[in-house]
Amino acid sequence: LGYSAMIQIGMSTSCNILLGVEQSFRVARIAGYDGLEVMVTTDPVSRDAVALKQLMERYSLPILSIHAPSLFWMQLIGGRDAQIKLEKSAELAAEVGASSVVVHPPFRWESSYAKNFERIVRQTAVNTGVEICVENMFPWKVAHKNLKAYAPSPDPLDLDVDAMTLDFSHASLSGRDSLEYAMAMGDKLRHIHLCDGRRSVDDGNMHDEHLVPGRGTQPVAETLTYLVENGFTGHVVAEIGLHKIRNPQVRLDMLVETVAFAKQYIGQEHATREPFAAGAARINGRSVRRARKAASR
C-alpha cells in the first residue's frame, strides 16, 4: 500500500449536523470510517474536550481534526473575535489529540483578523503544535454580481500559509479543476474535504453542493490517486451534504458509499462495522444528551 496505509479516512460531523456529535460518532463507526472531524457548532459537545474524549473512548474512534466555526451562520459561536475562536479550536484539537484544524479565510468585514490572518495562523500553529489548514473557498454572486466575501482572498494559494485544505465542492463552485488545484498546492496540501460538485457560480450555480464523490464532475478519483502516488500523509475527511435527506438508511448508505470510494482510490480495504450498542454515551455519570442540554442552559 505504500503511503496509502498512512492516510486515515474521516467523516465530518457536519454530515449529520442536525443530529449532533454523538450520532456522528455512531454513524461513522458503523459506516467504517477511521475517525472524525468535529465541526465546532451550536452543539456544546463540539466544544467540550471532556465530552469528546469520552465519545472517542466509547466508540473507539479518534478525532482527526477540528473545523473552526468559520461558516457565515456560525459567526457568533464562541464570541465575535475570529482570532480567539481559531485559537480555541486549535487548543481543543491539541487536547483531544487531533493533528489539524481547518479554517476558512476571513470574511471581508473581519478587517483586523483579515489584515493579520497569515501571522495569526502561523503563530497559532506554533503555539499549539497543531497544523492550521486554510480551506479553499469560492466567489459569491448576488443578483449576478460578484461579491467580495473573503479577504484578502478566498484562495489559499494567494496567501502566505503553510498548510491548506482542498474542498472539491468549493473547487467546483470556483470553476477549478481539483487535480490541478492539488498539484498547485503541492506539499502545503495537508487536508482533504471529500465530496464532489457539478457547476460553478459562473454557470449559475448558487449552491455549495457537497455531493457524494463520483456523482459530480470533479476529478476526485484521479486526485486521490495522485495524492497517494506523491506521498500524501494528511487526512481525507468526508464532507457531504445530507441535511435534506430524511431517511436515515439513505444517509448511512451515502456515507458508506463515500468512505468506500475513498478507500478504493487510496488503495485500502473497506469494511462496515456492526451497529454499536444503543444508548447515550456516559460523561461523568451523565449521558452526552443530558450534558449537552445542561451546557446549553
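In the predicted model, helix α8 (residues 220–229) packs against helix α9 (residues 248–266) at an angle of about 45°, and the two axes are 8 Å apart. This angle makes α8 oblique to α9. The crossing of α8 past α9 is right-handed. On the α8 side, the contact is formed by Val220, Ala221, Leu224, Thr225 and Val228; α9 contributes Phe261, Ala262, Tyr265 and Ile266. Sorted by class, the residues in the contact of α8 with α9 comprise 8 nonpolar and 1 polar, with no charged residues.

A further helix pair consists of α3 (residues 82–96) and α5 (residues 117–128), whose axes come within 10 Å and cross at roughly 30°. Since angles under 35 degrees count as roughly parallel, α3 and α5 are therefore roughly parallel to each other. Their crossing is right-handed. From α3, the residues making the contact are Gln83, Leu86, Glu87, Ala90, Glu91 and Ala94, and those from α5 are Ile120, Val121, Thr124 and Thr128. By class, 5 nonpolar, 3 polar and 2 charged residues make up the contact of α3 with α5.

Taken pair by pair, the crossing is right-handed for α8 and α9 and right-handed for α3 and α5. The α8 and α9 pair is oblique, whereas the α3 and α5 pair is roughly parallel.

Methods:
Residues are numbered from 1 along each chain as its sequence is written. This is a predicted model: local features need pLDDT of at least 70, side-chain atom pairs count only at pLDDT 80 or more; totals for chains, interfaces and linings use all residues. Side-chain values use heavy atoms; hydrogens and water are left out. Axes are lines fitted to C-alpha atoms, for helices over the stretch in contact, and angles run from 0 to 180 degrees between N-to-C directions. Helices (H or I, at least four residues) and strands (E, at least two) are DSSP runs, numbered from the N terminus. Angles under 35 degrees count as roughly parallel, over 145 as roughly antiparallel, 65 to 115 as roughly perpendicular and the rest as oblique. A crossing is left-handed if the near helix is turned anticlockwise from the far one by less than a right angle, and right-handed if clockwise. Contact means heavy atoms within 4.5 Å. Ala, Val, Leu, Ile, Met, Phe, Trp, Tyr, Cys and Pro count as nonpolar, Asp, Glu, Lys and Arg as charged, and the others, Gly among them, as polar.
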